[in-house]
Amino acid sequence: MVLKECVRGLKELRPLTHLLLPLCFHWIAEAMTVSVLVDVVTSALCPGQTTCTEAIYISGLQQTVVGIFKMVVLPLLGQLADEYGRKPLLLITVSTSIFPFAVLAWNQSRESVYVYYVLRTISFIISQGSIFCIAVAYAADIIEEGNRAAAFSWITGFFSASHVLGNLLARFLPEKYIFVVSIVLLIFGPLYMHFLLAETVERVPKRDRDSTFLTKITNVAHKRYESMRDAAAIVFKSPTLRGISFVLFFYELGMSGISSVLLFYLKAVFGFNKNQYSEILSMVGIGAIFSQILVLPLLNPLVGEGWILSLALLASIAYGLLYGLAWASWVPYLSASFGAIYILVKPATYAVISKGSSSMNQGKTQGFVAGVKSIASLLSPLAMSPLTSWFLSSAAPFDCKGFSIIVASVSMMIALCFACLLKPDEKLSHDPEDEIEAPLLRES
């Protein structure tokens, strides 16, 4: 039974080969830098120290700025992907990570770290979340609706597998080679897409070639406003899309808050370095591969996306509480094991959103809901950065160094409450334009 589901899943992914291969290289390149970045940044900004308040605040500021701009950029990129094609938007988004890592490969001084943060902030604004949204829309173009949950789970499974490989490279490669290898892989991704990735959306014909420059600018602004308004109407008129937006807002509020401070917290409390980070991230990734590639495709036909989403949110709560209450250096490893389950939040929500929207609005709705998530990602550092620094310092009101992570877990409890009220359904109505704008790669 399991083998049959795996074979079926691989057949579903065959049309996505030229999408997934370059994305895997991109994700490997980004993952292999995560565990070493904390040491690089801490060494540059706070030489000789294990706790770096400046690094925590800069990371929090970065996440806030990214969240502010992503509220507009994510829905905009989703709209552009629907109108002008998935391929050009993917090429833009996957290329942005090259420049910040090139800076650190060249120099790791204090000034270079500041330049890295500026460039990485711009990169995150364009690429963080949007790559997944556009990739999921691409998959929805060529995968039948009933098989999308399994296909999305395989995509996120490949994402986890890429992270495992990236963390293994980080574990065994000398630190001085990590950024160089990462840049090579990051360049390979867009080059591969440019030459081999096929488009799935027919370009909208231009009708204003003779218009003045000012008229063109006005028309573009008006069109973007109308498209944004349409996306908001689609989401808020659908109980499913509206409900999943609340779920993802509170989930992201908690999870992004934990992610922004976790590695600094582990370094300050338990003295973790890149080796321990790689071990934990690899453990999470291996479990996530198994759950996304095998467990979700087997469970989804039996229980549905809603039940899987609730289970994953419950695991995320346990994940946060164990990190926050960690009393020994082995507890973070136990907490990380829940990553194999909470990772299912992603494919489950992608499937719910995809079912709730028509084929011509996949990018628009995925992007709009991702924009709602970005509001949470900008709010969480405002509380998490100072709260984490406070409880890691000697001025803490009581001894609970992970108190900020416990607070973030409460937000995920609220997300679970909304998920329990969610009733995933089919899209409300079939848009007649669906038949006109049938995806170019749809297979019979």
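Let me start with the ground rules. This is a predicted model, so local features need pLDDT of at least 70 and side-chain atom pairs count only at pLDDT 80 or more, while totals for chains, interfaces and linings use all residues. Residues are numbered from 1 along each chain as its sequence is written, and side-chain values use heavy atoms, with hydrogens and water left out.

First, the overall picture. The protein has 18 helices and zero strands. Both are DSSP runs, numbered from the N terminus: helices are H or I with at least four residues, strands are E with at least two. There are 444 residues, and 56% of them count as buried. Buried means under 20% relative accessible area, exposed means over 50%, and partly exposed is in between, with a 1.4 Å probe and protein chains only.

Now contacts, meaning heavy atoms within 4.5 Å. Take the contacts with a separation of 6 or more. Residues 24 or more positions apart account for 86% of them.

On to the cores. A nonpolar core is a set of buried Ala, Val, Leu, Ile, Met, Phe, Trp, Tyr and Cys residues joined through side-chain atoms within 4.5 Å. The largest one has 82 residues, and Leu 309 and Leu 313 have the most contacts inside it. Which helix gives this core its largest share? Helix α11, residues 239–270, with 15 residues. Apart from this core lies another, of 34 residues, including Leu 20 and Tyr 138. Back to Leu 313. Beyond its neighbours within four places in sequence, Leu 313 contacts Val 247, Tyr 251, Val 345, Ala 415, Leu 416 and Ala 419.

Helix α3 (residues 53–84) packs on helix α4 (residues 86–95) at about 140 degrees, with the axes 7 Å apart. Axes are lines fitted to C-alpha atoms, for helices over the stretch in contact, and angles run from 0 to 180 degrees between N-to-C directions. That makes α3 oblique to α4. Under 35 degrees would be roughly parallel, over 145 roughly antiparallel, 65 to 115 roughly perpendicular; the rest is oblique. From α3, the contact uses Leu 77, Leu 80, Ala 81, Asp 82 and Tyr 84; from α4, Arg 86, Pro 88, Leu 89 and Thr 93.

Is α4 enclosed or open? Seven of its ten residues are buried, so α4 is largely enclosed by the rest of the structure. Among the buried ones are Arg 86, Lys 87 and Thr 93.

Pro 332 sits in helix α13, residues 331–337. Pro 332 counts as buried because its relative accessibility is 0%. Leaving out residues up to four places away in sequence, Pro 332 touches Leu 266, Phe 270, Phe 272, Ile 280, Tyr 323 and Ala 326. Pro 332 and Ile 280 are 52 residues apart in sequence, yet 7.8 Å apart in space, C-alpha to C-alpha.

Ala 137 belongs to helix α7, residues 130–142. Ala 137 is also buried, at 0% relative accessibility. Its C-alpha is separated by 7.6 Å from that of Gln 366, 229 residues away along the chain.

Last, Val 181, in helix α9, residues 175–196. Val 181 is partly exposed, at 28% relative accessible area. Not counting residues up to four places away in sequence, Val 181 touches Met 32 and Leu 173.
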